Amino acid sequence: MFSLLGATTLMLVAGAPWTLPAAAGGANLKSPENVEVHIIDDTFTLRWNGSDPAGGNVTFSADYQVPRNDTWLKLPGCQSVTSTKCNFSSLKLNVYEEVKLRVRAEKGNETSPWHNVAAFTPFEKAQIGPPKVHLEAEDKAIKINISPPGAKGGVMWALDSSSFTYSLEIWKNSSSAEIKTKTVYPRDKIYKLSPETTYCLKVKARLLPRKIGAYSPVYCIKTTVENKLPPPENVRIDAVNDIYVLKWDYASENTTFQAQWLHAYFKKIPGNNSGKWKQMPGCENVKTTQCAIPQNTFQKGIYLIRVQASDGNTTSVWSKEKRFDAQLQSVLVPPTINVKPTNDVSLRVFIGAPEESENKSVNQHYSLIYEVVFWENTSNAERKTLEKRTDFTFPNLKPLTVYCVKARALTENERWNKSSVFSDPVCEKTKPGSTSRTWLIAGICAALLSIPVVTYVLKLFLRCVRYVFFPSSKPPSTIDEYFSEPPLRNLLLFTSEEQTERCFIIENTNIITAVEETEQIGEDHKKYNSQTSQDSGNYSNEDDSNDSKSGEDFPQQEAE
Amino acid sequence: MINKHFFEIVSVLLASSTIFSLELKLALFQQRVNRESLKLLSTLQSSSIQQCLPHRKNFLLPQRSVNLRQYQKGQTLAILHEMLQQIFNLFRANTSSDGWEESHVEKFLTELHQQLEYLEELTGPEAEQDSCTLGSENVRLQIKMYFQRIHDYLESQEYSSCAWTIVRVEINRCLFFALQLIRKISKRGMHSLKTVEHEPRADFRSIG
């Protein structure tokens, strides 16, 4: 019983928190619904639907979170707001980074649960607002000056201010007027209008790829009275040889003209670029409806050209700006060719830049290929090749023949489809064949080498012949050797020996000549005696016949 | 040092030649922008690079996300367009970059402008219908963030000449990177640049 009572009390107590608020009368706040973020240029708005029908003092607060930080920060401009939208443009966000938001309702001390907004990137969500337009009327044209959307110094389009493209709608301010749509630059002119007519227009900005902005408010302006001096028309420019010829049409005579040019990219840059127009060289105050411009004035690129007429007192407005792509119009110059015959009966061809006094040649702007025509001087058969290289060889030609080469430059890129005229032909004679030459050299070398060989062989032969047919009375050389050796070897010693020997041999009747000699050296006899006594001892053991013979021969040898 | 390295690479790129059908203009662009960016670098004195080394900053070029293979031609063109557009915006207003000849800047801007127009021609009519451009939105944002960092850096350095030097070197890197993109497009086209494919990539990695 008591337990049952206790249990019921417990249940009641437990149930109280759920029931009590209802009983208190709607203190359970619901979080806001349909929360949306609207971003137009640099204006950030948060909108929602308050879910509390009863009204009362309900306020809303919002927080934000950036990916680097994990904490929720208070969203400025959205704290305790009474209305169902708030503006948080004062928050300096990185517009390219994801951001999370959450909103809740507050009443007194109570707060509703947070309503989380899905993470978004401000830049992606942002819409392009209307651009600002400034107009200036001429007689048959309207000058427009469009400022990019967003405030100056705004963050959202800071990196894209030059990237906007503008679309314009214009119509006459009369009933049933047709609307024309044009794509215009920030600073542009709308031509072909009627004088003294009111035109109305509106502009919207577009950011590739998919952002399209809102239209600006409609602006209307009246064109002026027709000018006495119309602007030149039909401005055109053509390349002729190495100059550009600028031509235009003009009705009346006795007018002077001047022309100006501008880099086309200036049109993409917002701001005042009127000071960037440059005078066209060769076209200042010309009386004719054309002028010549040196080709090196315009490097590759896109330019805009305009012409103005003047009759001394008044000047006309500028003509329509003519767009001019220097690359499409320039003319290629023929290249220079250098031909050299090489050793292996070929011709080496060098294709060089055209000789021009000025450094800046048109050709250097393109990647070029060359059409080379090659023929034998005597025949008419031509060989055509397309070469990318500037240094190549024609091999396997006939030796000692004259060949001629001519070439012209072509743009590699078929889109331009330009070609120069053919250069003057250059002719060269090939060198003689290498086979005959090598034989010649080999023959000469062989001949040179063979001379000593032949001489040697002849010498041997002659000696042989002489030996056979004209023998000499000389003893064989070996015997000579044998005899000549000792005296040559022991020249000094032998003289002393000889003295002793002669002394010894005086008794022998054969050696009469030796006696004569010893008398000459008789003075020295006593001197050498002691010395030679040893020697004589040495020699006396030897063969006597040898000594005697050697003694005999010695004077003979000496004489020889 | 950096000059010579770039010169060799860029010479290799200049020596290559390709013939496409649709992407003819891009091939020309490849060569011409190389030439112009080379001139940009060539005006840099090595001494100025030396003295500016302490001011270097990593701008975190979003290489990986741009280099993903699954992009189709339309998306790659969109990415390329964004890059070139941002480079144009960066340099169009520079009157404070001393050390540059105005003619160089003019040529560079002319080149960029021309290529932007060509790209717009190529992508223009299809852009709105092409749902594939959705995928490239994220990459465009990353590229925008990258350039935001460069702009913020310049502002924080008060557009000093050293800051501009650093930025110029960075933009050269970026251009090189853009050329890789072009090569990818052209690879998927009729012909491919097989010979030049490997060398610059290896070199680029070494610089990067």
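# A tour of chains A and B

Begin by selecting Ile441(A), whose place is in helix H4, residues 434–469 of chain A. The model is a predicted one, and the stops below should be read with that in mind. At 45% relative accessibility, Ile441(A) counts as partly exposed.

Colour by chain next and take chain A, where the secondary structure comes to 9 helices and 30 strands. Of its 560 residues, 38% count as buried, and the accessible surface of chain A comes to about 33200 Å², with 54% of that area belonging to carbon and sulfur atoms. If one considers the contacts in chain A between residues at least 6 apart in sequence, 63% of them join residues at least 24 apart.

Then switch to chain B, which has 9 helices and 0 strands, so that a walk from the N terminus passes through the elements α-α-α-α-α-α-α-α-α. In chain B, buried residues make up 57% of the 208 residues, while its accessible surface comes to about 9200 Å², of which carbon and sulfur atoms account for 52%. Of the contacts in chain B with a separation of 6 or more, 85% are between residues 24 or more positions apart.

**Two open sheets in chain A**

Return to chain A and select strands S27, S26, S29 and S30, which in that order form an open sheet of 4 strands with antiparallel pairing. The edge strands are S27 (382–387) and S30 (426–429) of chain A, each of which pairs on one side only, and the twist from one strand to the next averages 25 degrees. Within this sheet, look at S26 (residues 368–376) and S29 (residues 402–411) of chain A, which pair in the antiparallel sense over 9 bridges. To find one such position, select Ile369(A), whose bridge partner in S29(A) is Leu410(A).

Now select S24, S25 and S28 of chain A, which form an open sheet of 3 strands in the order S24-S25-S28, again with antiparallel pairing. Strands S24 (336–342) and S28 (391–394) of chain A stand at the edges with a single partner strand each, and therefore one side of each has no neighbour in the sheet. Neighbouring strands here are turned against each other by 25 degrees on average, direction ignored. Strand S25 (residues 346–352) of chain A is joined to S28(A) by 4 bridges, and the two run antiparallel; in this pairing Leu347(A) stands opposite Phe394(A) in S28(A).

**Two backbone positions with positive phi**

Select Asp41(A), in the loop between strand S1 (33–40) and strand S2 (43–49) of chain A. Asp41(A) has a positive phi of about 55 degrees although it is not a glycine, and with a relative accessible area of 10% Asp41(A) is buried. Move on to Asn234(A), which is found in strand S17 (residues 233–240) of chain A. The phi of Asn234(A) is near 55 degrees, likewise a positive value in a residue other than glycine, but Asn234(A) is partly exposed, with a relative accessible area of 48%.

**Salt bridges**

The last stops concern charged side chains, for which a search of the whole structure finds 17 salt bridges over all chains. One of them is formed by Glu106(A) and Arg104(A), whose closest N and O atoms are 3.6 Å apart. Glu106(A) counts as buried at 12% relative accessibility, whereas Arg104(A) counts as partly exposed at 21%.

Select Lys143(A) and Glu136(A) next, a salt bridge with the closest N and O atoms 3.9 Å apart. Both are partly exposed, Lys143(A) with a relative accessible area of 33% and Glu136(A) at 43%.

Then pick Lys140(A) and Glu226(A), a salt bridge in which the closest N and O atoms are 3.4 Å apart. Lys140(A) lies in the loop between strand S9 (132–137) and strand S10 (142–147) of chain A, and Glu226(A) in the loop between strand S16 (219–222) and S17 of chain A, so this pair ties together parts that are 86 residues apart in sequence. Lys140(A) counts as partly exposed at 36% relative accessibility, and Glu226(A) is partly exposed with 45%.

Finish by selecting Asp160(A), Glu82(B), Arg140(B) and Lys144(B), which salt bridges that share partners join into one network.

Notes
Residues are numbered from 1 along each chain as its sequence is written. Chains are lettered from A and ligands numbered from 1 in the order in which they are written. This is a predicted model: local features need pLDDT of at least 70, side-chain atom pairs count only at pLDDT 80 or more; totals for chains, interfaces and linings use all residues. Side-chain values use heavy atoms; hydrogens and water are left out. Buried means under 20% relative accessible area, exposed over 50%, partly exposed in between (1.4 Å probe, protein chains only). Two strands pair if DSSP finds at least two bridges between them. Axes are lines fitted to C-alpha atoms, for helices over the stretch in contact, and angles run from 0 to 180 degrees between N-to-C directions. Contact means heavy atoms within 4.5 Å. Accessible areas come from the Shrake-Rupley method with a 1.4 Å probe; for residues, only the protein chains shown count as cover. A salt bridge is a side-chain nitrogen of Lys or Arg within 4 Å of a carboxyl oxygen of Asp or Glu.
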